[in-house]
Amino acid sequence: MTVRRPQQILDTAAKLFAERGFHGVSVHDIGNACGISGPALYKHFASKNDILTQSLTAISERLLAEGLARRDAANTPGEALEGLIGWHIDFALSNPALIVIQEREWANLESAGRKEVRSLQLAYIDVWVDTVRSLRGDLGPQEARACVQATFGLINSTPHSARISAPAMRARLARMARAALLS
């Protein structure tokens, strides 16, 4: 399967932003890494900030869509939670650059991009909160949200902490996430 040029640019930029930071990467660096001139990026994106915004928007859209699909395909709230945990862990382990730029480059998003990404993120969090609350009736919405966001912090730490094999890390994170959300 051939990767389309815009996706190639987004993937390449994410890796470079994660390695060097948003301000440490020029459009020429991105273009060079893609085998095109820097100005050729403007055929696909309005600016370097647009590349960052589209990267973070795409991450958030993907997490939300798959989160909803996993929840909706489940027969029970327990299955839904297992699906959500597995999905988020797989995403984090497979996309460390995206996790890093989400964490580090938030302040570099323009206001409109920040608002769009935040809206998608909150919707994704709500999928988890509703699932957790269906299993933990003792948790109010704010406490469930705090548990979910702390669990995301745990899972999203993998670009900085994953020092064991991916299967071992996946299993460890799943156990820790379940314990954090269900105890």
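Author: Ala, Val, Leu, Ile, Met, Phe, Trp, Tyr, Cys and Pro count here as nonpolar, Asp, Glu, Lys and Arg as charged, and the others, Gly among them, as polar. This is a predicted model, in which local features need pLDDT of at least 70 and side-chain atom pairs pLDDT 80 or more, while totals for chains, interfaces and linings use all residues. Residues are numbered from 1 along each chain as its sequence is written, and side-chain values use heavy atoms, without hydrogens and water.

Reader: How do the residues of the lining of the largest pocket divide?

Author: Into nine nonpolar, seven polar and one charged. A pocket is an open set of points on a 1 Å grid over the protein atoms alone, where a 1.4 Å probe fits, with protein on both sides within 12 Å along at least five of seven lines; lining residues have an atom within 4 Å of a point. Among the 17 lining residues, His 88 and Phe 152 are two of those nearest the centre.

Reader: Which helix gives the most to that lining?

Author: H6, with five residues; a helix is a DSSP run of H or I, at least four residues, numbered from the N terminus.

Reader: Why is Cys 34 called buried?

Author: Buried means under 20% relative accessible area (1.4 Å probe, protein chains only). Cys 34 has 7% relative accessibility, so Cys 34 counts as buried.

Reader: What makes Cys 147 buried or exposed?

Author: Its relative accessibility is 19%, so Cys 147 also counts as buried.

How values were computed. Helix = DSSP H or I, 4+ residues; strand = E, 2+ residues; numbered from the N terminus. Buried < 20%, exposed > 50% of the residue type's maximum accessible area, 1.4 Å probe, protein only.
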